[in-house]
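Here is a short tour of the model shown below. Please keep the sequence and the 3D view at hand while you read.

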Amino acid sequence: MTATTHDTHDAHHHGPPPGFFKRWLFTTNHKDLGVLYMVFGLLMFFIGGAMAMVIRAELFQPGLNLVDPHFFNQMTTMHALVMIFGAVMPAFTGLANWLIPVQIGAPDMALPRINNWAFWLLPAGFVLLLATLFLPGGAPAGGWTMYPPLVLQLGDSFPFLILAVHILGISSIMGSINIVATILNMRAPGMTLMKMPMFVWAWLITAFLIVAVMPVLAGAVTMLLTDQYFGTSFFSAAGGGDPVMFQHIFWFFGHPEVYILILPAFGIVSAIIPTFARKPLFGYSSMVYATASIAFLSFIVWGHHMFTVGMPLAGQLFFMYATMLVAVPTGVKIFNWMATMWQGSMTFETPMLFSIAFVLLFTIGGLSGVMLALAPVDLQYHDTYFVVAHFHYVLVTGAVFSIMAAVYFWLPKWTGHMYDEKLGKWHFWLSTISVNVLFFPQHFLGLAGMPRRIPDYAVQFAEFNMISSIGGFVFGLAQLLFVYIIVKCVRGGQKASSGVWEGAKGLEWTLPSPAPYHTFETPPAVK
Amino acid sequence: MNQNKLTRLFVASTAALAMLFSAGAAAESDWRRPWGVNLPEGVTSLSQVAYSMHMLTFWIVTVIGVAVFAGVFFSVWKYRKSQGAKPATWHHSTTVEIVWTAVPFLILLGIAVPATQAMIKMEDTSGYEMTVKVTGYQWMWEYEYLDEGIHFYSRLDRDSDRARQRNPEIRPRDVEHYLLNVDNPLVVPVNTKIRFLLTANDVIHSWWVPELGWKKDTIPGFVNEAWAEIQEPGTYRGQCAELCGRDHAFMPIVVVAKTEEDYEAWVAEQQEEVNGDVAVDDDDLSDMEMDDLMALGEDVYDNQCMACHQAGGEGMGDMFPALAGSDKVLGDRDEYKSILLDGVSGTTMQSFASLSNQELAGVLTYVRNAWGNDDDGGDVFQPADVEDAR
Amino acid sequence: MTEETTIQRRSGGRTAAKMALVAVGMFGFGFAMVPAYQVFCEVTGFNGFVSNEASAGPGDMEYDPDRKVTVEFVATVNGSQPWTFRPKQSRMEVTPGELYTAYFVAENQYEGSTVSQIIPSVAPGTAGRHFKKTECFCFTEQRFAGSEQRKMPVTFFVDPALPERNQTVTLSYTLFDIRDGDLPEYDEEAAELHAGAPQSAD
Ligand SMILES: [Cu+2]
Ligand SMILES: [Cu+2]
């Protein structure tokens, strides 16, 4: 496939440049950057995971057992920031970098140099953010939602937090602009929009969401900064501002952000299920429309995070109805995946197992979301462990499971080796069982009255918390196996064919495994 | 609505049972218990509406969830390659897709109707009979009865406070209502529509008692309203539900609902305490014995100061400085008094001017003499000294 | 073929520029939400909004002289500075369309002079825009001498357009101590005691 017609072309080497630093620091190659993003995401997954372990250990039994409440608050705050901006978003961006060019038959991303900058901003942002852990007053502890006036009590970590959010925001905006530019301009001839793989579609929509809402978050935190240091009072009642306004602006970003964390997952699962069901994706065009309408609705539902702030009735009703509507396109997606499996010819390799678990467990998160949409009952659910259970079903068994499925699915294409299927299955079953032990009891805790973000609780919550913590520890340990499987697969293993999976369809599977450093320098023909 | 009828029947019968077993005193509700898995039906019409909406939706989503699981498991069992399944090639069906867009939409519509009715009811505070103002503080609550002239602070009870320290003297499991008990509960009458006005002193908090059916944010500079009409005498416990800093977990809420007569008696007692009984009031400026001051001071310290400045006065980090051996504690008497009376602006040290002269004298004396601070030998603060500094 | 890829790349730059413009626009949109929110609150009474500017008197508005509405007054001190602040009357029966005066008493329990800003809020929020103040101590900063106690008037009327279902309107004031960095001496020293503690918003 790799044509040798570009010998005159200086920019096109046929392998990575020699030297570790030269290759990784200055690389503009989409595959290299994809790998960097994913390795970074994995590293952050473990840092954020370590924080989760501290949280679950403190909550193992009632009483203040291990850490100070202030440090506990730092852990919950940083866990969220690290997992959202450090683990899940970079992992998805890494997948996008690696896969979108090869799925649409492009030689690279549209803006390779910007791609490099976008990535290297990430470690810079996280060095700033994680450094706050070593400041005298500790890391940010006001929740990842950064509500004023509480966030203004942070002390030294506050400017670090704001700067880090700015840097991470710029990084993801640059990455997303690049993705949009690539998808809209770099497709191989014949690759019409409605022929694109679902993963590409999902990312196109996600990238638009990121470009639309990350700047709003940047605006909100800038206002926090000027309130703190430059005498403005956007959010301070004393100067005629309103702390609730921050919540409006934040959630205008925050709800679409939730879909930024899940739409790429929809794309991944829509690639994997047809492969292992050996049957085309059911309702491709309705999948596209459903994704687009979820993205549209995400802009008008933010108020469901704020039913308790004292909104007037009309506002609450509007946000309730709009939120309930989200269930319709989301349901369409789930039913379409079910229909794809129906009358297929299924095998259950690890990526398929993770994808099936995704469909089922994401459904649980979606259904508890329907319950949370109801304003009159949300006044009970809000800010309890019921909410914690809900969003972890969506983000862990949703987003994170899809990333794991994707890694197993495309790992042979990346490395040229098959991963250890037996260990993969072990990883799957350990993760799936423990994650339910971890998060399912949290529904009960929330309904039984346990608020979220507390380091200590009434004795009545002891039993379910202990169960949840045990699930958490097992889930954490199971992820070490994940790393072992990846490392083992990178090092060697059974040679992978170019198609890898029997039912695999799409341009990336026409490439040899591992895919060469430069691919599709000559656009492939798309039927 | 059948669901409603059933719920009402259930509520009525459990209420009757509860009446049988409790003598009408401030009974503990049996909703709070280990292994609890569900929302309370609660003791207000709002909590019951929320509960029935919750159960209705719960059953609907459970049926949908079971259907999805069943469908997937059926496919997994039936259409496996190892069983010789041959893949079909169809990938589209407009009819089916319209059906599974329309049906969920109609189900949602069905839920939206009662949800809307419930919302309208919740927002209607008209016809209230009394007003209680709730103010959130880092980390306690202030209650003000607008017409009765009653006003007090409500903090984590002393036993819970002792048990929630690192290396505590008593274990959490040995404390009754650990982290769910306060020194001064909010006392209200049953069968009375109470309007709550909610605001905050510093950051946003959220006032939540599950058995009343709602939580509402308390926002500095703004006032929110909500209401409750409690049907059963009893003790109902809740917690702050909005992250509000270090001790967010340690500012519980206790509502004691009394019969109308018991409530009247309680009000009279409170008002008498404010107007008549001066023993605990600021007017008594007579000198106290050192021992009494130290004992009272230790009490006050344990309740008010220990959470931040720690049991041995060793403080905690930069935010909560040590008091043992502190220059400020052992330095100028007036300056030392002013720290307690005025607080220290720009820090978490608030003003404790709301304490009585005796309590302040006690705690000033105690801190000046405890943990080896008494080298100069018995430096005493009397109530009159405090009054002078006010 | 090579030609084609280069053509594609050029237009990629154009798309990127457009998207960058969108991003910049959305950054501005975040800020635009501030005035938009204020207008929105004014119109809908969202979040207890009540204007902090003097409105014209009722003039000769048409109103029902028999209608009665209860106005409740509450006062809150923000932060930990030593103040007392309370309404002189806990409630008043008013007829919408007529002018009334209520009093609040604030006392600076601190020996130095200081400045406060008092912020109004109305519950239910939707009644906020029907609550009009012609004169109020909340319109400007209030300076207090050391240990000064002051009775302060607010002259108001309730717009007859207030919906029938609103039988009670609560007027809540929150007092913020807004003195600047020039804290009197003993406070500064005391602040040293808490060196490293987080600074408040101002
Ligand atoms: Cu949301
Ligand atoms: Cu709180």
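In which loop of chain A is Pro149(A) found? Pro149(A) sits in the loop between α4 (112-131) and α5 of chain A. Please keep in mind that this is a predicted model.

**Backbone details**

The peptide bond leading from Pro148(A) into Pro149(A) is cis. Chain C also has a cis bond, from Ala123(C) to Pro124(C), and Pro124(C) lies in the loop between β5 (114-123) and β6 (131-136) of chain C. The table puts these two bonds side by side.

| Cis peptide bond | Omega |
|---|---|
| Pro148(A) to Pro149(A) | near 0° |
| Ala123(C) to Pro124(C) | near -5° |

For Phe520(A), in the segment after α15 (462-491) of chain A, phi is near 50°. Phe520(A) counts as buried because its relative accessibility is 5%, and the cut-off for buried is under 20%. Asn191(B) has a positive phi of about 50° and belongs to the loop between β4 (186-189) and β5 (193-200) of chain B. With a relative accessible area of 39%, Asn191(B) is partly exposed.

**The copper site**

Three histidines of chain A coordinate the copper ion (ligand 1): His255(A) through ND1, and His304(A) and His305(A) each through NE2, at 1.7 to 2.0 Å. Along the sequence these donor residues follow the spacing H-x48-H-H. His304(A) is buried, as its relative accessible area is 12%.

**Where chain A meets chain C**

The contact involves 47 residues from chain A and 35 residues from chain C. Between them an area of about 3,300 Å² is buried, and carbon and sulfur atoms give 73% of that. Zero salt bridges are found across this interface, while two residue pairs are in polar contact, both at pLDDT 80 or more. On the side of chain A that touches chain C, the elements giving two or more residues are α5 (157-185), α6 (198-229) and α7 (243-260). Of these, α6(A) gives the most, with eleven residues.

**Confidence in chain B**

Chain B has a mean pLDDT of 85, with 87% of its residues at 70 or more. The pLDDT is below 50 over residues 18-25 of chain B, a stretch with four contacts beyond near neighbours in sequence. It is also below 50 over residues 276-281 of chain B, where the stretch has nine such contacts.

Terms used: Residues are numbered from 1 along each chain as its sequence is written. Chains are lettered from A and ligands numbered from 1 in the order in which they are written. This is a predicted model: local features need pLDDT of at least 70, side-chain atom pairs count only at pLDDT 80 or more; totals for chains, interfaces and linings use all residues. Side-chain values use heavy atoms; hydrogens and water are left out. Donors are N, O and S atoms within 2.8 Å of the metal (3.2 Å for Na, K and Ca); water is not among the atoms, so sites may look incomplete. Buried means under 20% relative accessible area, exposed over 50%, partly exposed in between (1.4 Å probe, protein chains only). pLDDT is the predictor's confidence in each residue, from 0 to 100. Contact means heavy atoms within 4.5 Å. Buried area is the accessible area (1.4 Å probe) that two parts lose on being put together, summed over both. A salt bridge is a side-chain nitrogen of Lys or Arg within 4 Å of a carboxyl oxygen of Asp or Glu. A polar contact is a pair of N or O atoms within 3.5 Å; within protein, one must be able to donate a hydrogen and the other to accept it, and residues adjacent in sequence count only if both atoms are side-chain atoms. Helices (H or I, at least four residues) and strands (E, at least two) are DSSP runs, numbered from the N terminus.
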